[in-house]
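Please look over the sequence and the three-dimensional structure shown below, and keep both in view while reading the report that follows.

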Amino acid sequence: MQSHDASPLTDYVEYSCEEMLTRSETFYAEIKRRHSIRSFSNRPVPQEIIENCIKAAATAPSGANHQPWHFVAVHSDDIKKQIREQAESHERSFYEGRAGEEWLDALKPLGTDASKPYLEEAPWLIAIFSQKKGGIHIDDNNTNYYVHESVGIATGFLINALHSSGLVTLTHTPKPMSFLSKICQRPENDRAYMLIITGYPAEDATVPHHALVKKSFDEVCTIL
């Protein structure tokens, strides 16, 4: 390894193999309860909880530690309405044929359509943006590396943090998503990556049977 400035690792906590096994089993049992929900309650969620989850997401690893992401937490009813109107406009053309028959057939078991009431009903929307240029300092304008991978990891951290806090989530990626940049007043350097809807589930919230089907361990993992 090349010479570089570094500090001793002081916050690592080592567990016994027995405790590691227990912790891994506990985490698996907890994360299995995470579901994508499309029926949200309008019950309020304190802003501090959302902020803490975004702080957790921002600790994700990234290419050259450039942290090529920006999160916009939307609580305003007016802005949520604007997002819903734009998203549904794009979604209507998607479901009316732009997606193609194969894609629409794949979505049928989930029961989705162009109507997205949860974009107004949920207390929080979190718009995630990727950044082509930047760096570790606010005024940096360097090329960012592995942007898609880095923002994807941070998004996973965010979903896990929200779930661990006791909230439910839905990932939403209307195509195109450029309207989010305008509504959220982001600069040209920022590209809309994903919209996370989060809050409490509605009392009548359901999970599609199709979404409960997960591939077996042997199908998703090879140990060499």
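In helix 6, the residues that count as buried (under 20% relative accessible area, with exposed meaning over 50% and partly exposed in between, for a 1.4 Å probe and protein chains only) are Val147, Ser150, Val151, Ala154, Thr155, Leu158, Ile159, Ala161, Leu162 and His163. An α-helix has 3.6 residues a turn, so residues three or four places apart point the same way. The cover over the buried residues of helix 6 includes helix 1 (17–31), helix 2 (47–57), strand 1 (69–74), strand 2 (124–131), strand 5 (168–172) and strand 6 (190–199).

This is a predicted model, in which local features need pLDDT of at least 70 and side-chain atom pairs count only at pLDDT 80 or more, while totals for chains, interfaces and linings use all residues. Residues are numbered from 1 along each chain as its sequence is written, and side-chain values use heavy atoms, with hydrogens and water left out.

Helices (H or I, at least four residues) and strands (E, at least two) are DSSP runs numbered from the N terminus. By that rule the chain has 8 helices and 6 strands, and from the N terminus on these elements run α-α-β-α-α-α-β-β-β-α-β-α-β-α. The table gathers some values for the whole chain.

| Property of the chain | Value |
|---|---|
| Span of the C-alpha trace along the principal axes | about 55 × 45 × 40 Å |
| Buried share of the 224 residues | 35% |

How far apart are the end C-alpha atoms of helix 6? They are 27 Å apart, which agrees with the 27 Å that its 19 residues (147–165) should span at 1.5 Å a residue, the expected span being 1.5 Å times one less than the number of residues. Just after helix 6, Gly166 takes a positive phi of about 105 degrees.

Strand 5 is largely enclosed by the rest of the structure, because 4 of its 5 residues are buried. Strand 5 pairs with strand 6 in the antiparallel sense over 5 bridges, where pairing requires that DSSP finds at least two bridges between two strands. Within this pair, Leu170 stands opposite Ile197 in strand 6.

Asn65 lies in the loop between helix 2 and strand 1, and at 42% relative accessibility Asn65 counts as partly exposed. Although Asn65 and Asn144 are 79 residues apart in sequence, they are 9.1 Å apart in space, C-alpha to C-alpha.

Key
Contact = heavy atoms within 4.5 Å.
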